[in-house]
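Please read them with the sequence and the model open beside you.

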Amino acid sequence: MNSVITASSYVLVHTPDMVLHNGTTITTEKIVNPESEYLKELPKHIRSYEDVIAYAPNQTYIGNMTPEELAAMPQPWYDTKVEAKREGKFGEILPQDEFYMLMQICDVFDLLVLEKGFAAATKEKFVKNPAVIPSMVEKIKEGVDLAEIEALVNDEHAEGLYMDGKLVGAVKRAHDVDTNLTAHVMHENLVSKASSVLALIHLIKNSGIDASEIDYVIDCSEEACGDMNQRGGGNFAKAAAEIAGLTGASGEDVRGFCAAPTHAMITAAALVKAGVYKHVAVTAGGCTAKLGMNSKDHVKKGLPALEDCLGGFSVLVSENDGVNPEINLDICGRHTVGTGSSPQAVINSLVAAPLDKVGMKIVDIDKFSPEMQNPDITKPAGAGDVPLANYKMIGALAVTRHEIERADLAAFPEKHGLVGWAPTQGHIPSGVPYIGFCRQDILDGKIKNAMIVGKGSLFLGRMTNLFDGVSFVIQGNSGASAASAMDEAEVKNMIAKAMKQFALSLMEGEEEQ
Amino acid sequence: MSLLEGKKAIVIGDRDGVPGPAIEECIKAAGADVIFSSTECFV
């Protein structure tokens with residue numbers, strides 16, 4: 001029996017100071033060209049929290065606007081403000097100060113310190129968050145003197161935490177010589193863990209189930225945690241589950257660059273379908289390195305530095321309840337080692353080949369969700385409209401397969417596609433941003449199915465020249481729940497018992513004669 | 001004779017467009033000598 005998507009959550013964290021201190025475009029520039037005009041200009045292009053929550057793609061990410069409403073707005077979107085709400089149907093946009101407090105809660109090795117006054121003021125705000133659970137509040141520590149933080153940053157290689165350019169905290173290194181436990185790595189990993197925790201607590205809130213009912217968590221971010229003897233040892237999933245109060249869960253990390261969320265969803269669906277677990281949460285936090293990734297072009301063109309938010313998401317995959325949309329594992333696409341790299345071969349392996357297996361056409365899928373990057377960010381940087389490029393390729397394949405006429409190609413992206421709204425956080429925009437809307441659209445009868453396509457740039461790890469990708473289909477529930485399947489099994493069992501008794505009674509009768 | 005015959009080529013592909021190896025195969029067939037090829041991810 002297919003597993004179902006019970007709930008999802010989508011969160012953003014506004015991190016303006018992290019853009020300036022931790023984004024790799026900026027940290028690289030500081031090394032190679034420290035006096036550059038770009039570095040001098042960038043602070044003027046940083047958006048306020050108010051601007052970030054009034055930004056249409058962000059309101060779409062947390063569920064206050066639908067992709068259709070976003071598509072109806074003329075592009076570019078950065079100079080238009082929409083209703084600014086911190087909380088949405090799927091999650092929230094957390095401000096930076098509260099995120100530092102969340103990072104402190106997620107730090108179980110006393111590596112993160114916050115300044116006394118900052119910690120006290122932020123705690124007051126933080127505890128009012130309805131998604132925050134009591135066990136998290138208990139983990140909040142008192143702050144320390146600013147002089148102590150300054151000494152850590154200046155003399156002890158600690159990574160500073162800033163608010164409006166002012167030092168308010170630091171992340172210490174976790175070892176004197178181990179390069180995998182430096183302050184930089186610990187900061188990056190605590191950010192990933194904390195934003196994953198934020199997504200998980202919203203998932204619990206949205207799903208309405210008891211946190212202890214979740215059996216397993218799969219983290220699909222792009223970070224690696226471990227020491228010098230096991231650089232990517234893991235396990236972000238279980239570490240985040242601990243803070244989010246998932247006391248009944250174990251977990252694992254699934255990696256595959258940006259394709260990891262789709263790999264993780266297929267793994268979760270398979271584990272639930274096989275009966276190993278009833279509830280599996282797929283989760284990922286955000287990535288500091290990619291903050292301000294395209295900001296050189298944004299600055300050059302006079303735009304705000306739009307990559308100022310960390311992204312996070314969680315999806316709950318559960319045993320079939322007879323209601324929620326199902327994950328159909330009979331339609332799984334995969335780019336194999338032998339697939340080849342031409343765009344036709346790639347799209348064929350991910351989209352057409354799995355549909356052929358079950359006798360479906362490309363046009364039988366109502367919506368495709370491939371790379372959902374926000375074009376506001378990518379177009380000024382010369383990377384084009386990535387979702388649109390993907391839809392054109394899927395549509396072109398439908399033309400070559402004679403499923404649509406060439407003249408209908410132009411209409412394909414609008415009919416079977418979506419505009420992009422997700423931040424360029426690598427794994428975050430890859431296929432999964434639509435799952436929340438998809439679940440609702442299927443439940444509302446707006447669409448009957450959707451294909452989620454994840455792609456990953458394996459070549460960036462310099463272990464292979466290969467690219468990767470996987471896909472799966474979400475469809476309406478067939479109406480048969482796990483409970484009814486159990487009933488059926490019970491009936492079969494009862495019939496078998498009755499037959500056995502009947503046979504025994506016949507044999508006894510024969511013996512008596 | 002092809003425009004690329006005997007020319008040295010540097011190939012930079014795009015993961016969401018045409019990847020490096022695909023461009024490489026095409027221009028090799030047109031007689032170019034590929035001295036560097038990579039695929040980049042711009043997102």
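In which helix of chain A is A:Lys357 found?

1. A:Lys357 is found in helix α15 (residues 343-357) of chain A, where helices (H or I, at least four residues) and strands (E, at least two) are DSSP runs numbered from the N terminus. A:Lys357 is exposed because 12 other C-beta atoms lie within 10 Å; a residue is called buried if 20 or more other C-beta atoms lie within 10 Å of its own, exposed if 12 or fewer, and partly exposed in between, with C-beta atoms placed from the backbone. The C-alpha atoms of A:Lys357 and A:His402 are separated by 17 Å, and the two residues are 45 apart along the chain.

2. This is a predicted model, in which local features need pLDDT of at least 70 and side-chain atom pairs count only at pLDDT 80 or more, while totals for chains, interfaces and linings use all residues. Residues are numbered from 1 along each chain as its sequence is written, and chains are lettered from A and ligands numbered from 1 in the order in which they are written.

3. Between the chains, 18 residues of chain A are in contact with 11 residues of chain B, contact meaning that the C-beta atoms of two residues, placed from the backbone, lie within 7 Å. Helix α17 (residues 386-400) of chain A gives the most to the side of chain A that touches chain B, with three residues. That side of chain A divides into eight nonpolar, eight polar and two charged residues, where Ala, Val, Leu, Ile, Met, Phe, Trp, Tyr, Cys and Pro count as nonpolar, Asp, Glu, Lys and Arg as charged, and the others, Gly among them, as polar.

4. Helix α19 (residues 435-443) of chain A is mostly covered, since seven of its nine residues are buried. Among the buried residues of α19(A) are A:Phe437, A:Arg439 and A:Asp441. The buried residues of α19(A) pack against several elements of chain A, including β1 (4-14), β9 (309-318) and β12 (449-456). Just after α19(A), A:Gly445 takes a positive phi of about 75 degrees.

5. In strand β6 (residues 216-219) of chain A, A:Tyr216 and A:Ile218 point one way and A:Val217 and A:Asp219 the other way, and all are buried. β6(A) pairs in the parallel sense with strand β7 (residues 250-253) of chain A over four bridges, two strands being paired if DSSP finds at least two bridges between them. A:Val217 has A:Gly251 as its bridge partner in β7(A). Four bridges also join β6(A) to strand β8 (residues 279-284) of chain A, again running parallel, and there the bridge partner of A:Asp219 is A:Thr283.

6. How do the axes of α7(A) and α8(A) cross, and within what distance do they come? The axes of helix α7 (residues 96-106) and helix α8 (residues 116-126) of chain A come within 9 Å and cross at roughly 95 degrees; axes are lines fitted to C-alpha atoms, for helices over the stretch in contact, and angles run from 0 to 180 degrees between N-to-C directions. That makes α7(A) roughly perpendicular to α8(A), a label for angles of 65 to 115 degrees, whereas under 35 counts as roughly parallel, over 145 as roughly antiparallel and the rest as oblique. By class, this contact has three nonpolar, one polar and four charged residues.

7. The axes of α7(A) and α11(A) come within 9 Å and cross at roughly 100 degrees, which makes α7(A) roughly perpendicular to α11(A). By class, the contact of α7(A) with α11(A) has nine nonpolar, no polar and one charged residues. Helix α11 (residues 183-207) of chain A also lies across β3, β4 and β5 of chain A, running at about 95 degrees to β5(A).

8. A cis peptide bond joins A:Gln75 and A:Pro76, with omega about 0 degrees, and another joins A:Gly234 and A:Asn235, with omega about 15 degrees. A:Asn235 lies in the loop between β6 and α12 of chain A. A:His157 has a positive phi of about 60 degrees although it is not a glycine, and A:His157 counts as partly exposed because it has 14 C-beta neighbours inside 10 Å.
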